[in-house]
Amino acid sequence: MSLITVKNLSSFYEGKKVYENLNFTVQEGDYLCILGENGSGKTTLMKTVLGFDIKHSGTIKFNGFSNREIGWLPQRTQHQIDFPASVLEVVMSGFAGSGFFGAGYKKMQKQQAIGNMKLLNIESIAEKSFGELSGGQQQKVLLCRALCAAKKVILLDEPVTSLDESAAEEMYDIIKKLNDNGMTIIMISHDVTHAVNGSKHILKLSDNDFFFGTKEEYQKFIAGDI
C-alpha cells in the first residue's frame, strides 16, 4: 500500500527553485534513502513533506495518516545536545503534537514511551540528564522521541552525523530493526554504501534532476546500464 505519493513537486528556497517536478512514492514498510550533494534539496524536501512553511507546487498525498503523525529525527544541533531535561522527559516530548490531553492519555503515552525505550535499550537511563549522555545515547533518545510521534513513518536527517563508527553501526542496526518490525523509514544520508546495502528504494537529487527506483535499479543507474 502506498503511504505517501509525491507528484510534480517543486520547492523553492529564498526565491530559487531547489528541485523541480519530483515524482516518487513511499510504500508501507519501505526503507527509502535520499541521496544528493549539499544544496541539492534533501532537507528542503523532507521539510516540505513534513508541512513546514516552504513555498512549493505539486502534490503530496498521505494515505491513512497525516504529516503530523510522522516521526522526525532532524540533524543534531547544539541546542539538542545541551537540552536540560531527563531522558524520559525528552522521549515524552514526542507526544507534544498528538493533540491528546488528560491523565488517561498521559498514562498511556508514558507506557508507550517506556516500551519504545525498551525497544532501543535505553530504559536504564530514563532518569539521567540528556545533556550528560554520549552522542550515541543522545541520538537513540531522539530516535525514541521520534517513535513516540510516529504512526507509520519516521523521517531521519543524517542520523549518524558526528557519531563514531561503533555508534553509527549501532544506529543503523536499530533503524533496520525498526523497519523489520514494520516501521516505514525515510532517511537522508551521505553514506552511499549503507544506502545501497540497507535501503529498499533510493531517491537521488542532483542538478535539477532526480533518480527514483529500487536499490538494484540504482546500482545499474550509477554503472550506466540504464
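**View 1. Asn21 lies in strand 2.** Let us start with a single residue of this predicted model. The phi angle of Asn21 is near 55°, a positive value in a residue that is not glycine. How exposed is Asn21? Its relative accessible area is 37%, so Asn21 counts as partly exposed.

**View 2. Glu14 sits in the loop that lies between strand 1 and strand 2.** Is Glu14 buried or exposed? With a relative accessibility of 69%, Glu14 counts as exposed, because the cut-off for that class is over 50%.

**View 3. Three strands make up an open sheet in the order 2-1-4.** The pairing is antiparallel. Which strands stand at the edges? They are strand 2, covering 16-27, and strand 4, covering 56-62. Each of these has a single partner strand, which means that one side of each is left without a neighbour in the sheet. From one strand to the next, the twist averages 10°.

**View 4. Strand 1 and strand 4 run antiparallel to each other as a pair.** Zooming in on this pairing, strand 1 takes in residues 2-13 and is joined to strand 4 over six bridges. A handy place to look is Ser10, which stands opposite Ser57 of strand 4.

**View 5. Helix 1 packs on the sheet.** This helix consists of residues 42-50. Which strands does helix 1 touch? It touches strand 1, strand 2 and strand 4. The direction of helix 1 makes about 65° with that of strand 2.

**View 6. Lys55 lies over the face of Phe12.** If you have the side chains displayed, look for the lysine and the ring together. Lys55 is placed at 5.7 Å from the ring centre of Phe12.

**View 7. Phe211, Tyr218 and Phe221 form one aromatic cluster.** How many aromatic pairs does a search of the whole structure find? The search finds six. One of them joins Phe211 and Tyr218, with 5.5 Å from centre to centre. The planes of these two rings are 55° apart, and the pair is tilted. Are Phe211 and Tyr218 buried or exposed? Both Phe211 and Tyr218 are buried.

Methods:
Residues numbered from 1 in each chain as written. Predicted model: local features only at pLDDT ≥ 70, side-chain atom pairs only at ≥ 80, totals over all residues. Heavy atoms only, no water. Pairing = 2+ DSSP bridges. Helix = DSSP H or I, 4+ residues; strand = E, 2+ residues; numbered from the N terminus. Axes fitted to C-alpha atoms, helices over the stretch in contact; angles between N-to-C directions. Contact = heavy atoms within 4.5 Å. Phe/Tyr/Trp six-rings, centres within 6.5 Å; stacked < 30°, edge-to-face > 60°. Buried < 20%, exposed > 50% of the residue type's maximum accessible area, 1.4 Å probe, protein only. Lys NZ or Arg CZ within 6 Å of the ring centre and 35° of its normal.
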